[in-house]
Amino acid sequence: MTAETIDYDRLMQANLARVFGERDASRRMKAIAELYADDAILHEPDAAATGHAAISRAVKTLLSSLPPNFVFTAIGPAVGHHGLGRLRWQSGPSNGPAAVTGTDVARIDGGRIRTLHVFIDPAAA
């Protein structure tokens, strides 16, 4: 797949909503199977997970550490070129202020996420 044919926004928005925003494990695994390469790697600031099951477990751990009313929302569209995409996001109560912001950077190969690096913005002083 060439850089011109990758829909970065569709893929990265789907990842935010259907993987990181999905608390149901079976729906999350279905989304991961559709969006991620079989040997994909999720790189978080303090850990890494390889493969669909490990990525799902890492997301479950993350979601279990957040209040149940927290949601992930994109800050604008994803952008990308040459197989590398970026999406800024925020998380917090659905009707409240953002508690955390960050950026996902994905290497996309064959229309699926090969690696996802999650960057968390430092807290405001």
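**View 1. The pairing of I41 with T50 in a predicted model.** I41 has T50 of strand 2 as its bridge partner, and the structure in which this pair is seen is a predicted model. The two strands concerned, strand 1 and strand 2 (residues 47–50), run antiparallel to each other and are paired over four bridges. Together strand 1 and strand 2 make a hairpin, with two residues lying between them.

**View 2. The protein chain as a whole.** Three helices and seven strands make up the secondary structure of the protein chain, and their order, read from the N terminus, is α-α-β-β-α-β-β-β-β-β. The chain is as compact as a globular protein of its length, because its radius of gyration of 14 Å is close to the 14 Å that the globule rule gives for 125 residues. Along the principal axes, the C-alpha atoms occupy a box of roughly 40 × 30 × 25 Å. Where contacts join residues at least 6 apart in sequence, 47% of them link residues that are at least 24 apart.

**View 3. The largest nonpolar core.** This core has 31 residues, and the members that touch the most other members are V19, F20, Y36, L42, I55 and L116. At least two core residues come from each of helix 1 (8–20), helix 2 (25–35), strand 1 (36–44), helix 3 (52–64), strand 3 (70–74), strand 5 (84–93), strand 6 (100–109) and strand 7 (112–120). Helix 1, with seven residues, gives the most to the core.

**View 4. The surroundings of L42.** One of the core members that touch the most others is L42, and, when its neighbours within four places in sequence are left aside, L42 is in contact with F20, A47, A48, A49, I55, A58, L116 and V118. Among these partners, F20, I55 and L116 are named beside L42 in the group of core residues that touch the most other members.

**View 5. Helix 1 and its buried residues.** The 13 residues of helix 1 should span 18 Å at 1.5 Å a residue, and the end C-alpha atoms of the helix are 17 Å apart, which agrees with that expectation. Buried positions in helix 1 are Y8, L11, M12, A14, N15, L16, V19 and F20.

View 6. L11 has its place in helix 1 and counts as buried, because its relative accessibility is 2% and the cut-off for burial is under 20%. Beyond the residues up to four places away in sequence, L11 touches L35, I108, G111, R112 and I113. Of these, I113 stands 102 residues from L11 in sequence, yet the C-alpha atoms of L11 and I113 are 8.2 Å apart in space.

**View 7. Helix 3 and what covers it.**

**View 8. S56 within helix 3.** S56 belongs to helix 3 and is buried, with a relative accessible area of 7%. Not counting residues up to four places away in sequence, S56 touches A25, R28, M29 and I32.

**View 9. V71 in strand 3.** V71 is placed in strand 3 and is partly exposed, its relative accessible area being 34%. Apart from residues up to four places away in sequence, V71 touches Q90, S91, G92 and S94. N95 is 24 residues from V71 in sequence, and the distance between the C-alpha atoms of V71 and N95 is 9.5 Å.

**View 10. H82 and its positive phi.** H82 lies in the loop that runs between strand 4 (79–81) and strand 5. Most residues other than glycine have a negative phi. H82, although it is not a glycine, has a positive phi of about 50°. H82 counts as exposed, because its relative accessibility is 63% and the cut-off for exposure is over 50%.

Technical notes: Residues numbered from 1 in each chain as written. Predicted model: local features only at pLDDT ≥ 70, side-chain atom pairs only at ≥ 80, totals over all residues. Heavy atoms only, no water. Core = buried A, V, L, I, M, F, W, Y, C linked by side-chain atoms within 4.5 Å. Buried < 20%, exposed > 50% of the residue type's maximum accessible area, 1.4 Å probe, protein only. Contact = heavy atoms within 4.5 Å. Pairing = 2+ DSSP bridges. Rg over C-alpha atoms; globule rule 2.2 N^0.38 Å. Expected span 1.5 Å × (residues − 1).
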